[in-house]
Amino acid sequence: MFVLALMLLFVLFGPSIAKWSNEEIDWAALGDIQHLGVPSVESGHYFGTDELGRDLYARTIQATGTSLLVGLIGAAMALLVGTTWGVIAGFVGGRVDNLMMRIVDVLLAIPNVLVIILILVVVGRSFIALFIALGAVSWLSMARIVRAQTLTLKNREFIEAARAGGVSEIMIIWRHILPNLMGVVIVYASLLVPEMIFAESFISFLGLGISEPYTSLGALIAEGARTMGYGTLWQIAFPLFFYVTIIITMFYIGDGLRDALDPKDR
Amino acid sequence: MFAYTIKRLLIAVPTILMLVVACFFLMHAAPGGPFTSERPLPPAVLANIEARYGLDQPLWKQLWDYLTNIVLYFDFGPSFKFKDRDVNDVIAQGFPISLTYGFLSFLVATIVGLSLGIAAAIRHNTWIDYLAVGLGIAAQALPNFVMGPILILVFTLWLGWLPGGGWNGGQWPYLIMPVIALSTSYMGSIARLTRSSMLEVLNSNFIRTARAKGLSDRSIIWRHALKPTLMPVVTYLGPVFVYVLTGSVFVDIYFSTGGLGQAYVGSALSRDYAILLGVTILYGALTVAVSLIIDLAYAWLDPKIRY
Amino acid sequence: MNRTGITILAAFVSSWVLSSAAFAQSRVPADVKLADDQTFTYRVLDELSSLDPQVVEDTIGSELARDLFEGLMNQDELGNLEPGVATKFDVNDDNTVYTFTLRDNALWSNGDQVTAHDFVYGWQRATDPELASPYQWYMELMSIKNAAEIIKGEKPKEELGVKAVDDLTFEVTLTNPIPYFPQMTTHATTFPTHKGVIEKHGDQWTKPENMVSNGAYVLTEHLPNERSVRERNTKYWNNENTVLDKVVALVINDENVALTRFLAGELDRTDVPAGQFPRLQKEYPGVAISYPRLCNYYYTFNLSDSGPEVFKDIRVRQALALAVDRKIITQNVMAGGQPEAYTFTPAAVSGFEPPTTEMAQMSQADRDARAKALLAEAGYGDDNKLSFDMIYNTSDAHKKVAVALSQMWKQKLGAEVNLGNMEWKVFLETRGNQDFQLARGAWCGDYNEASTFLDLLDSESGYNDGKFNNAELDSLLEQAKVSNEPAALYTQIEQIIAAELPVIPIYHYAGVYMIDSDLGNWPVTNVQQNWYSKNLYKIAE
């Protein structure tokens, strides 16, 4: 939590000490990135520059903000849609389960590229379109995991006891199934965050989502990876550092939330 | 259980049919066709090409011809981009490659991931736990497209130990880097899912009961805790299994393995309708099969589950 | 070869003979010691489209086709004609009937003799609507009699204006006089194919185990998306002067990985990623090389009705074109020795004399000042910001150029530029439907002549995505087609472009490669980059 707060502070207040904006090209550095683009306090490029002479510090701040947003909203959408779908399929069972899960199978097998391109055609390029696309590709496996957990939960003694006690089905789901699902679901959602961060860079590659001069951690890491062998290691090091920090944070948040929400500990 | 399996197999046919129809129309709705190019073809030439591939027919007729050819001749049509090859060729060439490196990666990721996760959960909050969590995060921290170039830089350029790419019939020096790159990305997730799922199980009432009965740790874990732990892990592994078997586009791009992953993504980008549909059907069939296997596995993992 | 040159050649010499002995000699200089291992390994970006010479449409496949098959004529290191299967040709007075005499020692890799009938078969096949080759239009471009009708399905392919007079005499009848016709026979579409083999194996004939070819090499292995291997064809008529034994093309999609593998010694030739040339040139002098190519790179305004009003103001177009600092783009962004572009046609095109435009002579500071003045005149300034969208297809290099351009316009002119990248097919569709404001464009010449570029701006051209419409330009192009001295007309057309600026030329392409120093005779001077493995050799280190 603390780390996340630090990161948020960085995203919010980092720009105030930046000497360059995220899109401005340092024409002087552009000629010789390998030497003039290195991280230095003097030049104002604290994290160095990217391959085009743009300030990596400013870009990393902007990218971290974007990626956090993308990761969290994407995972949240998966959580919402996937959990609803999975709980209904698992709890109702029978034909409904079969139909709902076969739909998931079909959607899993449809090529993402097509889906994303069509969203681009229908909705046009926008931030909202990006989230629709992220949601569209991410909720499927969540639905499967939730369904699997629901299947085991609904046969447990306490559910049967509740049922015998005349509790309505909806209340059973709300009171007993959902809280017990949360452990695995939240851990899986925290795994989805990094996945979303990279899914975004693929979606942006197809032309939907974030476009230059704005950037994201996925895009920065991909750019840095390309030039890794050319003596400009800082181009991957800084974005990767922030990305790894996000993963670690997500790990602890996932674990923490799981403990906090665990009904057995209450 | 047997009746259930038969029923599911019967449903598989309409499921895949639905997939084909959906994919077919999505494909044609996407802007640009297989012959859209920077140099638009003269109308007469384009007409000849469209006639050759049947693209001049109405869509429903194309779909019908496509389906009948598959049913009658197991012919998935010619590739639009690779003009000497048909879909059967492309799959016959790429699938065994993807299958080989994919299956190995799956094994490595699962074995290492499960062991790490179980070890971490059993020794919760000890150095083993921290180490396992650390390894899991490290494995996740390097995405495929960073891992690929790093491996090539290190093992090919600096150390000179391994060839930088190619397949060569799947000899082991050509396999090492693809398997490392592909397995690490799943290893971390598997370890973390296993760990948290196991922690949950170890905290539950029936394990406490077992402990109270004085059973040994070992027997608690292997006899009682392992199966319920695996529920979410197996669910996660299902799509991963399908994805990994049909190849990874990153592995194919960075290691020039020639697998199906690249053929698949490439066909979507070049609107090579036939290959895209063909691979999607393969992918769909595997998805349907694996999801059945998983459902059967649930019943084995938790005998209370009935369908 | 330049068109004027060919015209002169055709006018004075109605028969073209070259002693084949002069060309049958080895290309290896006497003082060069050859390496023991004569294997050449190079990187290709992508899987080839086809190995069938009549069908192949991409550069990578054409490179293989030129090694595996041999047409009537070949190109030498300078792009000039040299004999292939034909040793000489005659042409009638009005340039409409060409008669090629074939060599009697040309063999297929299965031992059969290469005859005029194989050419007849190949050429008919290329026009056959049933084969539906994407290069059918090439046969029509060659103006072969009845080609257009056959492609439309109005006549059977047997009526194509080609004839085997006897086994060694191949005659072509044209509908229009084309003085540079022999030059066109170096293209893969016109290569001979073996009827018996194709009829026996059907669409499986290009598999290595089935293929029979007549070039210096035969295909021995083809693993799609991984590699293809061609090895010396011992039946080739000039086999004794072929030096390389084996040529391997490795498919490596990622250019940075390819470079790593080159540095690890796995490749003899690979592409240099954008921006890396200066460093590599310093570290590997003589290995990192750059030479001009016949391609341009530009941004096109949408001048059609659906285009934005702002771009209909010539002053805005001029201002944007002036504010582009081409030196920064070519030296710092691309940094691969690309020439700056002030004309649409690359200066490397033979016979083309680029006009001296005003813009080219100004200093960048003057240009910037002028651009600001023009824009102010047009009514744009701080209170009324110029704002527009620009699109490019997703690629690392295109992105860099687009970002640099947008920053130049933003910083110098205060323009609001919205960048958008698109996946390739979506991009083509969007640009083709005039659904854009400013879009990236690039064109590589089909032949070494200015009209291959300038035709793009013809109002009737299907490639004119900006819908530029200028009657004077159209009529000049029309005149150039029949003129014996088109160079002056082309210069005039470029002046119209420089004045009207329907496009902003940015730079002209350079071929930027890492070529291992032990590879001999790479044809850097062939601007079309038509290279033949039979002319290369590996030097002992």
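Guide: Let's start with a helix pair: α9(B) and α12(B) are roughly antiparallel to each other. This is a predicted model, in which local features need pLDDT of at least 70 and side-chain atom pairs count only at pLDDT 80 or more, while totals for chains, interfaces and linings use all residues. Residues are numbered from 1 along each chain as its sequence is written, and chains are lettered from A and ligands numbered from 1 in the order in which they are written.

Visitor: What makes α9(B) and α12(B) roughly antiparallel?

Guide: The axes of α9 (residues 217–245) and α12 (residues 273–301) of chain B cross at roughly 170 degrees and come within 9 Å. Axes here are lines fitted to C-alpha atoms, for helices over the stretch in contact, with angles from 0 to 180 degrees between N-to-C directions. Angles under 35 degrees count as roughly parallel, over 145 as roughly antiparallel, 65 to 115 as roughly perpendicular and the rest as oblique. So the pair is roughly antiparallel.

Visitor: Which residues make the contact between α9(B) and α12(B)?

Guide: Among them are Leu230(B), Met231(B) and Phe241(B) of α9(B), and Leu286(B), Val290(B) and Ile294(B) of α12(B). Two residues are in contact if their C-beta atoms, placed from the backbone, lie within 7 Å. By class, this contact has 14 nonpolar, 4 polar and 1 charged. Ala, Val, Leu, Ile, Met, Phe, Trp, Tyr, Cys and Pro count as nonpolar, Asp, Glu, Lys and Arg as charged, and the others, Gly among them, as polar.

Visitor: What does the rest of chain B look like in secondary structure?

Guide: Chain B has 12 helices and 0 strands. Helices (H or I, at least four residues) and strands (E, at least two) are DSSP runs, numbered from the N terminus. The C-alpha trace spans about 85 × 60 × 30 Å along the principal axes of chain B. Of contacts in chain B between residues at least 6 apart in sequence, 72% join residues at least 24 apart. Buried residues are 51% of the 307 residues in chain B.

Visitor: Why does Ser256(B) count as buried?

Guide: A residue is buried if 20 or more other C-beta atoms lie within 10 Å of its own, exposed if 12 or fewer, and partly exposed in between. Ser256(B) has 29 C-beta neighbours inside 10 Å, so it counts as buried. Ser256(B) sits in the loop between α10 (249–255) and α11 of chain B, and has a positive phi of about 45 degrees without being a glycine.

Visitor: Is Asn95(C) buried, exposed or partly exposed?

Guide: With 18 other C-beta atoms within 10 Å, Asn95(C) is partly exposed.

Visitor: Over to chain A. What makes α10(A) roughly parallel to α6(B)?

Guide: The axes of α10(A) and α6 (residues 144–158) of chain B cross at roughly 10 degrees and come within 9 Å. That angle makes α10(A) roughly parallel to α6(B). Ile221(A), Ala222(A) and Ala225(A) of α10(A) meet Phe145(B), Val146(B) and Pro149(B) of α6(B). This contact has 6 nonpolar, no polar and no charged residues.

Visitor: How many residues does each chain give to the contact between chains A and B?

Guide: Chain A gives 40 residues and chain B gives 47 residues. The side of chain A that touches chain B has 28 nonpolar, 7 polar and 5 charged residues.

Visitor: How do you know that the span of α6(A) agrees with what a helix should have?

Guide: The expected span is 1.5 Å times one less than the number of residues. For the 12 residues of α6(A) that should be 16 Å, and the end C-alpha atoms are 16 Å apart, so the two agree. The buried residues of α6(A) are Val113(A), Leu114(A), Ile116(A), Ile117(A) and Leu120(A). Their cover includes α7 and α9 of chain A, α1 (2–29) and α11 (260–269) of chain B, and α16 of chain C. Just after α6(A), Gly124(A) has a positive phi of about 85 degrees.

Visitor: How many residues do chains C and B bring to their contact?

Guide: Chain C brings 40 residues and chain B brings 39 residues. The chain C side divides into 19 nonpolar, 9 polar and 12 charged.
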